[in-house]
Amino acid sequence: MKAVAQTGTDIASLNDIELPKPTPSGRDLLVQVEAVSVNPVDTKQRKAGSPSPRVLGWDAAGTVAAVGPQVTLFKPGDAVYYAGDVTRPGCDSEYHLVDERIVGRKPQKLDFAQAAAIPLTAITAWEAFYDRMKVQKGRSLLIIGGAGGVGSIAIQLAKIAELKVIATASRPETITWCKELGADHVIDHRKPMRPQIEALGMKNVDYIANFNEVDEHWATIGDLIAPQGAIVLIVSNKAPLNVDAVRAKSAAICFELMFTRPRFQTHDMIEQHKLLNQVADWLDSGKLRGTLKQTLSPINAANLRKAHAQLESGTMIGKLVLKGW
Ligand SMILES: NC(=O)c1ccc[n+]([C@@H]2O[C@H](COP(=O)([O-])OP(=O)(O)OC[C@H]3O[C@@H](n4cnc5c(N)ncnc54)[C@H](OP(=O)(O)O)[C@@H]3O)[C@@H](O)[C@H]2O)c1
C-alpha cells in the first residue's frame, strides 16, 4: 500500500514509501483511508525524529475494509472518522489500523475531506470543556487562539454548551472567521488583553482555554481568571509556571491531551467513540459547521511537505486536509 513516512526530522525527509497492508486483530478496524488532516502534532512528532521510517498523521476519514475478531461497533463498509493513537503508526497510509473505541461514524452530510478535518480538534475541545474544566452554562470562556484548528471547533462547541465566548485572533481574516463561527466577542492576543476584557464590561472570565503558547500568555491567564475559575492548557510550557496568582484565586489548572485515553488504554476510552458520534449528529443537523478551509490532493509526500510547512508558519485558519491517493 502507499504511505508517506518521515525518514529524518526536516520537512524534506517526508517521503513516499510502499508498506505491506496490515491485518486487523482484537478490537482494531482496518480502515481504507480517503482523507487525512494535518495537525501541529504531526510537525512536532516529525521534529522529534524516528530511528526508522515512521508514518505520521492522526486525523482520518475512510471506510472500514476489515475488522478484528473482537470488534462490535462497526462492520466492513461503514464510513468512519477518527484521530487515532500517537503511540501507533499514523494514518498517512492507504490502509490504517485503529481501535474501534476511538472511532466515530462519519457525518453523512460531510464528504471524506470535510470529515477528516474534525476528529482531533473536536476531541480536544470536547474533553477540555466537559472532561477537564467541567463547564457550566451561562459562564464566560476566553479561548486563546480562536481561529486555529482547535479554536475553530471549540468556539462552536462552547456556544452549544451555552457559554459566553470571547475568542482571540490577531488578523482581519482570523477575526472574521471567529465571528462567523459564533464568538460573542473577539479580542487580539497580540495586544494586552485586560483592557480589552474590561472594554467588554468584564473584570474576569470564568474559564480560560489556552490553545496556543503557554509561557507567552500565562501571566495574562493568572490575571484574568475568575476566583474559583478553571484553566485548561493543551500545549506544554517551556519554563516553570509561577502559579501564585492562580493559587490565590483557588482556580483549577487542567491539562488536556487528547491522546491520553488511547495511549493509556483508559477504562473510558470509548468516550471518544461516543463524543465523535455526538459531533457527527450535530454536523448532520447543522448545529455545528465544518472547519475545513483548504484541501490538497492527492495524499503524497509533495503535498504533505506543503501542509507541514503551512502548519509551521503558525497562520492556519481552520483546517487543512489531504485527500485521495
Ligand atoms: N493537548 C492536545 O491534545 C492538543 C490537541 C490539539 C492541538 N494541540 C496543540 O495546540 C496548539 C494549537 O493547535 P491548532 O491545531 O489549533 O493550531 P493552528 O491551527 O496551527 O493554530 C493557528 C492559529 O494560532 C493563532 N496564533 C498564532 N500565534 C498565536 C499566539 N501567540 N497566541 C495565540 N494564538 C496564536 C493564529 O491566529 P492569528 O493568526 O489570529 O494570530 C492561528 O489562527 C498546537 O501547539 C498543538 O500542538 C494540543
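How many nonpolar, polar and charged residues does the shell around the ligand have? I began my notebook with this question, keeping in mind that the model is predicted.

**Entry 1: the ligand.** I sorted the shell around the ligand by class and found 15 nonpolar, 13 polar and five charged residues. In total 33 residues surround the ligand, and I noted Pro40, Gly148, Gly149, Thr174 and Asn212 as the closest. I then looked up which elements give two or more residues to this shell, and they are α1 (40–48), α3 (119–133) and α4 (149–160). Since domain 1 and domain 2 both give residues to the shell, I wrote down that the ligand lies between them.

**Entry 2: the two domains.** I next noted the bounds of the division, which puts residues 2–118 and 264–323 in domain 1 and residues 121–255 in domain 2. Taken over C-alpha atoms, the centres of the two domains are separated by 27 Å. I looked up the contacts between them and found 16 residues of domain 1 in contact with 14 residues of domain 2. On the side of domain 1 that touches domain 2, helix α10 (residues 270–285) gives the largest share, with five residues. That side of domain 1 divides into nine nonpolar, four polar and three charged residues.

**Entry 3: helix α10.** I followed helix α10 along its 16 residues and found that it reaches 23 Å from its first C-alpha to its last, close to the 22 Å expected at 1.5 Å a residue. Which residues of α10 are buried? I listed Gln272, His273, Leu275, Leu276, Val279, Ala280 and Leu283. As a reminder to myself, an α-helix has 3.6 residues a turn, so residues three or four places apart point the same way. The cover over the buried residues of α10 includes β6 (79–82), β8 (103–105), α3 and α9 (260–264). Just after the helix, I noted that Gly286 takes a positive phi of about 90°.

**Entry 4: strand β16.** Why do I call strand β16 (residues 319–323) largely enclosed by the rest of the structure? Five of its five residues are buried, so I have written it down that way. Lys319, Val321 and Lys323 point one way from the strand, whereas Leu320 and Leu322 point the other way, and all are buried. I then looked up the pairing of β16, and found that strand β3 (residues 28–37) runs antiparallel to it and is joined to it by three bridges, with Leu322 as the bridge partner of Val36. Strand β15 (residues 292–296) pairs with β16 in the parallel sense over four bridges, and there Lys319 is the bridge partner of Leu292.

**Entry 5: a three-stranded sheet.** I also traced an open sheet of three strands, in the order β2-β1-β4 and with antiparallel pairing. Its edge strands are β2 (14–18) and β4 (54–55), each of which pairs on one side only. Strand β1 (residues 2–6) is joined to β4 by two bridges, and I noted Val55 in β4 as the bridge partner of Ala5.

**Entry 6: Ala301.** Because 19 C-beta neighbours lie inside 10 Å of it, Ala301 counts as partly exposed. Leaving aside neighbours within four places in sequence, I found Ala301 in contact with Val4, Leu14, Asn15 and Asp16. I also compared Ala301 with Thr260, and the two are 41 residues apart in sequence and 28 Å apart in space, C-alpha to C-alpha.

Note on methods:
Residues numbered from 1 in each chain as written. Predicted model: local features only at pLDDT ≥ 70, side-chain atom pairs only at ≥ 80, totals over all residues. Near = placed C-beta within 6 Å. Nonpolar A, V, L, I, M, F, W, Y, C, P; charged D, E, K, R; others polar. Domains from an automatic or database assignment. Contact = placed C-beta atoms within 7 Å. Expected span 1.5 Å × (residues − 1). Buried ≥ 20, exposed ≤ 12 C-beta atoms within 10 Å, placed from the backbone. Pairing = 2+ DSSP bridges.
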